[in-house]
Amino acid sequence: ADNSISITIVQENFDWLIVPMANPDGVVHGNSRTNMKGYDINRCWMKNMVFLSSEVESIDNYIMEIKK
């Protein structure tokens, strides 16, 4: 398949949201995956776990707001 056609299909059918680094405080302290509370923010995206990470909760709230 022609890559330019595939790229066009993806661009036309998806909304792209670029989120900058969500964990700068953790990274400054040497934690690439965990926030300052020690929670792995890559694993806190389940709805019943969002409250464990204010970073994930903020991003999740923003996504829900722009989906309206």
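Reader: Asn23 is my part. Is Asn23 buried or exposed, and what is its relative accessible area?

Author: Asn23 is buried, with a relative accessible area of 4%. Buried means under 20% relative accessible area, exposed means over 50%, and partly exposed is in between (1.4 Å probe, protein chains only).

First, the ground rules. This is a predicted model: local features need pLDDT of at least 70, side-chain atom pairs count only at pLDDT 80 or more, and totals for chains, interfaces and linings use all residues. Residues are numbered from 1 along each chain as its sequence is written, and side-chain values use heavy atoms, without hydrogens or water.

Now the location. Asn23 sits in the loop between α1 (3-13) and α2 (24-28). Helices are DSSP runs of H or I with at least four residues, strands are runs of E with at least two, and both are numbered from the N terminus. The protein has 3 helices and 0 strands. Along the sequence the pattern is α-α-α.

What surrounds Asn23? Leaving aside neighbours within four places in sequence, Asn23 is in contact with Asn31, Ser32, Arg33, Thr34, Asn35, Ile41 and Glu55. Contact means heavy atoms within 4.5 Å.

Take Asn35. This residue lies in the loop between α2 and α3. Asn35 counts as buried because its relative accessibility is 2%. Beyond four places in sequence, Asn35 is in contact with Asn23, Ile41, Leu52, Ser53 and Glu55. The side chains of Asn35 and Glu55 are joined by a polar contact of 3.1 Å. A polar contact is a pair of N or O atoms within 3.5 Å; within protein, one must be able to donate a hydrogen and the other to accept it, and residues adjacent in sequence count only if both atoms are side-chain atoms.

Next, Arg33. Its side chain meets that of Asp40 in a salt bridge (3.1 Å, N to O). Side chains of opposite charge can pair when their charged atoms come close. A salt bridge needs a side-chain nitrogen of Lys or Arg within 4 Å of a carboxyl oxygen of Asp or Glu. The structure holds 1 salt bridge. Arg33 counts as partly exposed because its relative accessibility is 36%. Asp40 is partly exposed too, at 22%.

Tyr62 lies in helix α3 (residues 54-66). Ile66 is in helix α3 as well. Tyr62 is partly exposed at 45%, and Ile66 is partly exposed at 45%. Ile66 and Leu17 are 49 residues apart in sequence and 9.9 Å apart in space, C-alpha to C-alpha.

Finally, the whole. Of the 68 residues, 16% count as buried; Asn23 and Asn35 are among them. The C-alpha trace spans about 45 × 30 × 15 Å along its principal axes.
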